[in-house]
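Dear colleague,

Please find the structure below for your files.

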Amino acid sequence: MDSESKQAGAAVERLSRLDCCAISDALDKLKLSGVVSGLPQLAGTGRVAGRAITMKLGIGTPPPGPSRHLGTAAVEAARAGDVIVVEQRSGVEAGSWGGILALGAKLRGVAGVVADGPVRDIDEAKSLDFPVFARACTARTARGRVVELATNGPVEIGAVTVDAGDYVIADGSAVIFIKPEHIEQVLAAAESIAAREAAMAQALRAGQPITEVMGVNYERMLNA
């Protein structure tokens, strides 16, 4: 493993120990964007963190090349720990992810899927304990409705443009994307925020009044 891969792996490990609220606060502190709301966890349990493999679906004609089922190129491009990030904002009700894809991704060690659009076969993903974060569920197949337009190109998730290799963290609060050039700053800020909040929780358990614990210092936390 080269040094860049080791650094990325260490960053993902640090990211996985944080939650989306701490990361969101860090982004606020650094005046960066990346938070997407409205993508609840529909399958699997626990937080997901990794690097993005992107897939764009929509209406129209797929790019030239061998015919293949949508999503298979993304699964084959993924390494263990990656997160597949799907844009399906065509307005057509059609699944952007399904059960066989979930099994293939699970067997490959993919950490989870984030889909800005509907997904199908959610009960299969649940039975696999495979994390899926998505806008909605549907039974409608993609066949004859949408096509794969690109793999590992830029995608739009919420109001955020996501590129292959961006960092992803998702939990019950939000899905967040972080550019590689910002990851160290964001992690350092989020770890500092999380440490302060842990100290506040400890003070509460020790009997300190909540009005003191969540006083001026909490309100000014992002300015420090």
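Ala11, Arg14 and Leu15 of helix H1 are in contact with Ile183, Glu184, Leu187, Ala188 and Glu191 of helix H6, where contact means heavy atoms within 4.5 Å. By class, the residues of this contact are 5 nonpolar, no polar and 3 charged. Here Ala, Val, Leu, Ile, Met, Phe, Trp, Tyr, Cys and Pro count as nonpolar, Asp, Glu, Lys and Arg as charged, and the others, Gly among them, as polar.

The model is a predicted one: local features need pLDDT of at least 70 and side-chain atom pairs pLDDT 80 or more, while totals for chains, interfaces and linings use all residues. Residues are numbered from 1 along each chain as its sequence is written, and side-chain values use heavy atoms, with hydrogens and water left out. Helices (H or I, at least four residues) and strands (E, at least two) are DSSP runs numbered from the N terminus.

H1 spans residues 3-16 and H6 residues 183-205; their axes come within 10 Å and cross at roughly 30°. Axes are lines fitted to C-alpha atoms, for helices over the stretch in contact, with angles from 0 to 180 degrees between N-to-C directions. H1 is therefore roughly parallel to H6; angles under 35 degrees count as roughly parallel, over 145 as roughly antiparallel, 65 to 115 as roughly perpendicular and the rest as oblique. The crossing of H1 with H6 is left-handed, that is, the near helix is turned anticlockwise from the far one by less than a right angle, with clockwise giving right-handed.

H6 also meets helix H2 (residues 20-30), with axes that come within 8 Å and cross at roughly 120°. H2 and H6 are therefore oblique to each other. The contact includes Ala22, Ile23 and Leu30 of H2 and Val186, Ala189 and Ile193 of H6. Its residues comprise 9 nonpolar, 1 polar and 3 charged. H2 passes H6 in a right-handed crossing.

The largest pocket has a volume of about 600 Å³. A pocket is an open set of points on a 1 Å grid over the protein atoms alone, where a 1.4 Å probe fits, with protein on both sides within 12 Å along at least five of seven lines; lining residues have an atom within 4 Å of a point. Grid points are joined across faces, edges and corners, and a volume is the space filled by probe spheres set on the points. Of the 29 lining residues, Arg68, His69, Leu70, Thr72 and Glu148 are the closest to the centre of this pocket. H4 gives the most to this lining, with 4 residues.

The second largest pocket, of about 470 Å³, is lined by 20 residues, with Ser5, Ala8, Gly9, Arg51 and Arg79 nearest its centre. H1 gives the most to that lining, with 7 residues.

Kind regards
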